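Okay, thanks everyone, let's get going.

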Amino acid sequence: MPASRLALLLSGCCLTVGSLAAPAFSQQSPKPRSEKTQPATPAPDSAPAPAKVSREQRIQAYEKFLLARRYIAQADPLNAITAFKEVLALDPTAATAHVELGNLYLEGRNLRDAEYHARQAVALDPEDAMAHWLLGRVLFLQSSGAALNREKAREAVAAFETVAKLDALNLDVYRLLGRLYRDLNDTENALSAYAKLIGANQGGPEEFAAATDLYLRKRRYRDAANTARQAYVLSGENPQWGYQLSQALLYAGQTAEAIDVLKELLEENGNNLRLILSYAEALMRGGRYAEAEQQVQRVLSERPNHPEALSILAQVQRRSGRREEAVKTLRQALSGQDVTETLAQQYALAETLVELGRTEEAVAAYESALRSVSNPDNSVSESQRERAELILMRMASAYKAAGKLDQEMATYDRMRRLLGSESTLADLLLIESLRNEGKHEEALKAARAARRRFPNERQFVYLEAQVLSRLGQVDQALKELTKVAEEADDAGEVAQMKAIVLSDANRFEDAEHLARQAVRYDEKNIAYLVTLSSILERRKQYAESEQLLRTALALDPDNPTALNNLGYFLAERNERLDEALTLVQRAVNIEPTNSSFLDSLGWVYFKQNRLDLARQYIEQALSYDRRNATLNDHLGDVLERLGDLEGARRHWKIARSLATDPEDINRIDAKLRRGQTAETQ
């Protein structure tokens, strides 16, 4: 909010409150206090002890009150202050006079005397909304500064919450409550305050933009994109809010719209460096690599060592399969730079090294980054906690990709020691790893232990439900998800998770119903579209399944999961194999260590009868995910066609031991019988 607007909100409007009707003076009043002897921040717990006020004093006080109001109307605050003091000299228990006088002091930025009169008014009349409004605004200003005064901020919140209860027409209170809750890192209450303001059609671009930031913190990307879009429109398409909209759209997976917004902004702000680089990144995410590189080169032609431009160029090179070039570009970006200033490039370098199979170099890069955000005693401060979490998570992923499970588990233990008992990251990653290894009983035990420690973390409920489903306890899984649905603020997410559980249990009709419910909740949510597509594919509704994936790719053209699924489904049906290959290759370039994507690439090659390439990629996929029934089944099929019947039977047996779907089990059993017959001939 601009400073001028905030000042108007805090002071100017307060002069219009009150009424020219006589204030409710008490029958008795104490001896008035001298203004000069007031303490700086008195906090009376109750009204002053009553004293008698004669009828004549009340009439005189009323006349002085009207005179003070006339001075206000004439923009004469000094005489108004004098007149209100005379009112209080005649009857110091007149709460309305304290409010008016406090408002005048607030307008003059005399917070000390404004606070005194606000507290007097609240003590005299606890039901006076304007007294609490005055006190809240004074405390709001006192809480702000170079550093937040949290005590004053919390007291201001209490005052404003009282105003909200007493005066339903005062919507400005939610504007200030939202700001205070944000400063206090109370995201839920901040969002609630802004929602009330926006719901009453009183929010301006600043409030919509603030809500966008909060939704992004909560990873509620659909809501973030919606509020950012409203901020942009309300601001008259101000570039500042347009940039925020583009970032929210990218987080929400709506890449195509983000590209359009940035392109429009650049037409009027063609030399804005931030917009050029954001446009390049959006083009890269949209799979438009040549155009992205062209935009980056605009920057590098004038600033050859610009770190962010080099970082985006490296991402373009990685996604287009030019990883050695990406390593060279990233090393150039890091040359001579402070590690703490180039962590994003350090991460990208390490990830690229992992993709090239150079795990030790990758881990060394992560260790360097971790040292840069750690204290001398190897602890991590609160301000660096998020960075440390990200580094350790990527380090564990590097070990996992290399098949070094002991080091992966040791990294989770390290997370717990370094990040403390409040961090959920190690538990989330451990449970996921146990699931991938097929250790479902251990995963269930870990998920339930994590839920006890983190009862408000919904992700552990989802993980437990998925594990229960794998263990055949589908009804219990649905029961746990139903409990969450009663409290969740995102019904679509819960519906999607139920659909996944039911699909795993081959209850496809019920799964389809819930997946459609999730899509109706948010038709632009890529995850919901992909889930429904997968269920429809299993139900042999191929045309709609494919259309959903193409819709997802229209929103986010470089979404690796949508690319992979569409390519794999086409290959399964032996349709348009050249297109299928292009789609899956793009997915693998984006996530070259993703076992599912590598398997899909191998499977397309198998369908094209390019068996050596099929074997190469499926074996690579298995190196990342050894206990996957589909991967072992596919490798068995490849080996059979290559004439290695013994190897084929070995992998089919592994697939049979891991499979849970009755249809898959029957199909693998048939292969094993066929292989046995072939061996005896």
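Before the first helix pair, a quick word on terms: the axes I'll quote are lines fitted to C-alpha atoms, for helices over the stretch in contact, and the angles run from 0 to 180 degrees between N-to-C directions. And keep in mind that what you're looking at is a predicted model.

So, that first pair. Helix α31, residues 577-590, packs with helix α32, residues 595-607, at an angle of about 160 degrees, and their axes are 9 Å apart. Anything over 145 degrees counts as roughly antiparallel, and therefore α31 and α32 are roughly antiparallel to each other. As for handedness, α31 and α32 cross in a left-handed way. Who makes the contact? From α31 we have L577, A580, L581, V584, Q585, A587 and V588, and from α32 there's F597, L598, S600, L601, V604, Y605 and K607. Sort the α31 and α32 contact by class and you get eleven nonpolar residues, two polar and one charged.

Now, a second pair, for comparison. Helix α22, which is residues 425-436, packs with helix α23, residues 440-453, at an angle of about 160 degrees, with axes 8 Å apart. That makes α22 and α23 roughly antiparallel to each other too, therefore, and the crossing of α22 and α23 is left-handed. On the α22 side, the contact is made by D427, I431, L434 and R435, while α23 puts in H440, E442, A443, A446, A447, A450 and R453. What does the class breakdown look like for the contact of α22 with α23? Six nonpolar, one polar and four charged residues.

Okay, zooming out. How many helices and strands are there in the protein? There are 36 helices and zero strands. Its C-alpha atoms fill a box of roughly 120 × 60 × 55 Å along the principal axes. The protein has 681 residues, and 51% of them count as buried. The accessible surface comes to about 31,900 Å², with 46% of that belonging to carbon and sulfur atoms. And if you take contacts between residues at least 6 apart in sequence, 55% of them join residues at least 24 apart.

Next, the backbone, for those of you who like to check torsions. Most residues other than glycine have a negative phi. Here are two residues to look at with that in mind. A75 isn't a glycine, yet its phi is positive, about 60 degrees. You'll find A75 in the loop between α2 (55-73) and α3 (77-90). Is A75 buried or exposed? Exposed, because its relative accessible area is 65%, and the cut-off for exposed is over 50%.

The other residue is N378, with a positive phi near 75 degrees, and again that's not a glycine. N378 sits in the loop between α19 (359-373) and α20 (385-401). N378 counts as exposed because its relative accessible area is 55%.

Last stop, A398, which lies in helix α20. A398 has 2% relative accessibility, so A398 counts as buried. Which residues is A398 in contact with, leaving aside its neighbours within four places in sequence? V354, T359 and Y366. Then there's R358: A398 and R358 are 40 residues apart in sequence, and C-alpha to C-alpha they're 9.5 Å apart in space.

That's my tour, happy to go back to any of the views.

Definitions and conventions. Residues are numbered from 1 along each chain as its sequence is written. This is a predicted model: local features need pLDDT of at least 70, side-chain atom pairs count only at pLDDT 80 or more; totals for chains, interfaces and linings use all residues. Side-chain values use heavy atoms; hydrogens and water are left out. Helices (H or I, at least four residues) and strands (E, at least two) are DSSP runs, numbered from the N terminus. Angles under 35 degrees count as roughly parallel, over 145 as roughly antiparallel, 65 to 115 as roughly perpendicular and the rest as oblique. A crossing is left-handed if the near helix is turned anticlockwise from the far one by less than a right angle, and right-handed if clockwise. Contact means heavy atoms within 4.5 Å. Ala, Val, Leu, Ile, Met, Phe, Trp, Tyr, Cys and Pro count as nonpolar, Asp, Glu, Lys and Arg as charged, and the others, Gly among them, as polar. Buried means under 20% relative accessible area, exposed over 50%, partly exposed in between (1.4 Å probe, protein chains only). Accessible areas come from the Shrake-Rupley method with a 1.4 Å probe; for residues, only the protein chains shown count as cover.
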